[in-house]
Amino acid sequence: MAKAAASSKNKESLTSKLPHPPYLEMICEAISTLKDRTGSSQPAIAKFIEDKYGKMLPPNFNKLLSVQLNKFVKSEKLVKLKNSYKISSTEKLKLVIDDTQKKKEGTAKNKSPKPKEKAAKKVSEKSVKTKRLSQVKTPEALKKAKNDVKKKPVSGSKVKRLSQVKTPEGLKRKTKK
């Protein structure tokens, strides 16, 4: 236990001493800013991060970046296609949720004197909820019609030949002999 506590303290001190954001954040920012359709290559990501955080990065940054990229691919936070990296769909969702929460916190601090409008909007949104198909009640007439169709057995009836079926005169084929 003492070793685990010591290692967690070392990790906390390392992360607090880092002058740059976590690698996942920097990599995701680079990929989303570059907006390549097929994904961003490792050199492109490295160049973007070096341009933005140049003085704050350690001297062995390229090696650390490749290790981090491989780690994130294994943990499925990134997807590797050929020699390019893309943000996984689950990670994109997490990033979008984090961004919206940050925006809501920022707007909530600025617009605190108007809570009545937000409450009215929430009530109107709740009243417009859609129902699941299993919750929708079907009319009794439809239920009876389904039951009637199921009850009629087909057994014992003979199938008529086409010549025995009565059809309108215009539809009958006239054959010449």
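Okay, let's start in the loop between α2 and β1, because that's where Lys35 sits, and exposed is the label for Lys35, at a relative accessible area of 69%. One thing to keep in mind throughout: this is a predicted model. Lys35 isn't a glycine, yet its phi is positive, about 50°. And if you trace the chain, that positive phi comes just after α2.

There's a second residue like that. Go to the loop between α4, residues 61-74, and β2, residues 78-81, and you'll find Glu76. Again not a glycine, and again a positive phi, this time about 65°. Glu76 is exposed too, with a relative accessible area of 60%.

Now, back to α2 itself. Which residues of α2 are buried? That list is Tyr23, Leu24, Met26, Ile27, Cys28, Ala30 and Ile31. While you look at that list, remember that an α-helix has 3.6 residues a turn, so residues three or four places apart point the same way.

What does α2 pack against? One partner is α3. The axes of α2, residues 23-34, and α3, residues 42-53, come within 9 Å and cross at roughly 110°. Anything from 65 to 115 degrees counts as roughly perpendicular, and these two helices are therefore roughly perpendicular to each other. From the α2 side, the contact uses Met26, Ile27, Glu29, Ala30, Ile31, Thr33 and Leu34; α3 brings Ala44, Ile45, Phe48, Ile49, Lys52 and Tyr53. Sort the residues of that contact by type and you get 10 nonpolar, 1 polar and 2 charged.

The sheet next. It's open, it has 3 strands, and the order is β1-β3-β2 with antiparallel pairing. β1 and β2 are the edge strands, each pairing on one side only. Between β1 and β3, which run antiparallel, there are 2 bridges, and Ser40 stands opposite Tyr85 of β3. And here's α2 again: this helix packs on the sheet and touches β1, β2 and β3, with its direction at about 100° to that of β3.

On the other pairing, β2 and β3, residues 84-87, are antiparallel over 4 bridges. Tyr85 comes up here as well, as the bridge partner of Lys80. Those two strands make a hairpin with 2 residues between them, and Lys82 in the turn has a positive phi of about 55°.

Two more residues before I stop.

Glu50 is partly exposed, at 37% relative accessible area. Leave out the neighbours within four places and Glu50 is in contact with Leu57, Phe61 and Asn62. For Phe61, that's 11 residues away in sequence and 8.8 Å in space, C-alpha to C-alpha.

Notes
Residues are numbered from 1 along each chain as its sequence is written. This is a predicted model: local features need pLDDT of at least 70, side-chain atom pairs count only at pLDDT 80 or more; totals for chains, interfaces and linings use all residues. Side-chain values use heavy atoms; hydrogens and water are left out. Axes are lines fitted to C-alpha atoms, for helices over the stretch in contact, and angles run from 0 to 180 degrees between N-to-C directions. Angles under 35 degrees count as roughly parallel, over 145 as roughly antiparallel, 65 to 115 as roughly perpendicular and the rest as oblique. Contact means heavy atoms within 4.5 Å. Ala, Val, Leu, Ile, Met, Phe, Trp, Tyr, Cys and Pro count as nonpolar, Asp, Glu, Lys and Arg as charged, and the others, Gly among them, as polar. Buried means under 20% relative accessible area, exposed over 50%, partly exposed in between (1.4 Å probe, protein chains only). Two strands pair if DSSP finds at least two bridges between them.
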